[in-house]
Amino acid sequence: MKRLVMAFMILLVAGGVVYAKDYEMTKKTGDYTVKIAIDKNPPVTGENNIVAEIKDAASKNVTDAIVVIDYGMPAMPGMPAMNYKAGASLKDKRYAATLNFSMSGPWAVTIKITRGGKTQSVKLNVDVK
Ligand SMILES: [Cu+2]
């Protein structure tokens, strides 16, 4: 029996390696808690799908916001600063967008949440492979 439990645990661990988890993080801005997930871990050059779940102070899903994601890279030798914008659309109570990283390296991603005429944002730094 002990051996069976052991084998099952090994399977679980091995399975975890095969099915790598999303790139996930939780950030706060004002009353909002924003849970962010990117479907590539690590994020890669090209298209990456990002979803942001926004909850208010009462832990209720925010579904009436306008969410825009700004992402870019500061200027570097031989490359001017790059800045892109992606509008997010609501899917399953989460805001979804596709980010297209044109090169590897450090990218700054800002999620802007506008609701009731007020904009709040969360920032994250993504190391693109
Ligand atoms: Cu660059």
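Helices (H or I, at least four residues) and strands (E, at least two) are DSSP runs, numbered from the N terminus. The views below show a predicted model, in which local features need pLDDT of at least 70 and side-chain atom pairs count only at pLDDT 80 or more, whereas totals for chains, interfaces and linings use all residues. Residues are numbered from 1 along each chain as its sequence is written.

**View 1. The protein chain and its order of elements.** The protein chain has one helix and nine strands, and from the N terminus on these elements run α-β-β-β-β-β-β-β-β-β. Of the 129 residues in the protein chain, 21% are buried, where a residue is buried if 20 or more other C-beta atoms lie within 10 Å of its own, exposed if 12 or fewer, and partly exposed in between, with C-beta atoms placed from the backbone. Two residues are in contact if their C-beta atoms, placed in that way, lie within 7 Å; among contacts between residues at least 6 apart in sequence, 48% join residues at least 24 apart.

**View 2. The largest nonpolar core, around Ala52.** A nonpolar core is a set of buried Ala, Val, Leu, Ile, Met, Phe, Trp, Tyr and Cys residues joined through C-beta atoms within 7 Å. The largest one holds 25 residues, of which Ala52, Ile54, Ile69 and Ile111 touch the most other members. At least two residues of this core come from each of strands S2 (32-38), S3 (46-55), S4 (66-73), S7 (94-101), S8 (105-115) and S9 (118-128). When residues up to four places away in sequence are not counted, Ala52 touches Val34, Ile36, Val67, Ala88, Arg94, Tyr95 and Ile111.

**View 3. Met25 in strand S1.** Met25 lies in strand S1 (residues 23-29) and counts as partly exposed because it has 13 C-beta neighbours inside 10 Å. Its contacts, leaving aside neighbours within four places in sequence, are with Ile36 and Leu124. Met25 and Ala52, 27 residues apart in sequence, are separated by 9.7 Å from C-alpha to C-alpha.

**View 4. The open sheet S5-S4-S8-S9.** Two strands pair if DSSP finds at least two bridges between them, and four strands form an open sheet in the order S5-S4-S8-S9, with antiparallel pairing. S5 and S9 are the edge strands, each pairing on one side only. Neighbouring strands of this sheet are turned by 20 degrees against each other on average, direction ignored; the axes are lines fitted to C-alpha atoms, for helices over the stretch in contact, and angles run from 0 to 180 degrees between N-to-C directions.

**View 5. Strand S4 and its two partners.** The covered face of S4 carries Val67, Ile69, Tyr71 and Met73, while Ile66, Val68, Asp70 and Gly72 form the uncovered one. Seven bridges join S4 to S8 in an antiparallel arrangement, in which Val68 stands opposite Lys112 and Asp70 opposite Thr110. S4 also runs antiparallel to strand S5 (residues 82-87), to which six bridges join it, and here Gly72 stands opposite Asn83.

**View 6. The hairpin of S8 and S9.** Eleven bridges join S8 to S9, which run antiparallel, and Arg115 has Lys118 in S9 as its bridge partner. The two strands form a hairpin with two residues between them, and Gly116 in the turn has a positive phi of about 55 degrees.
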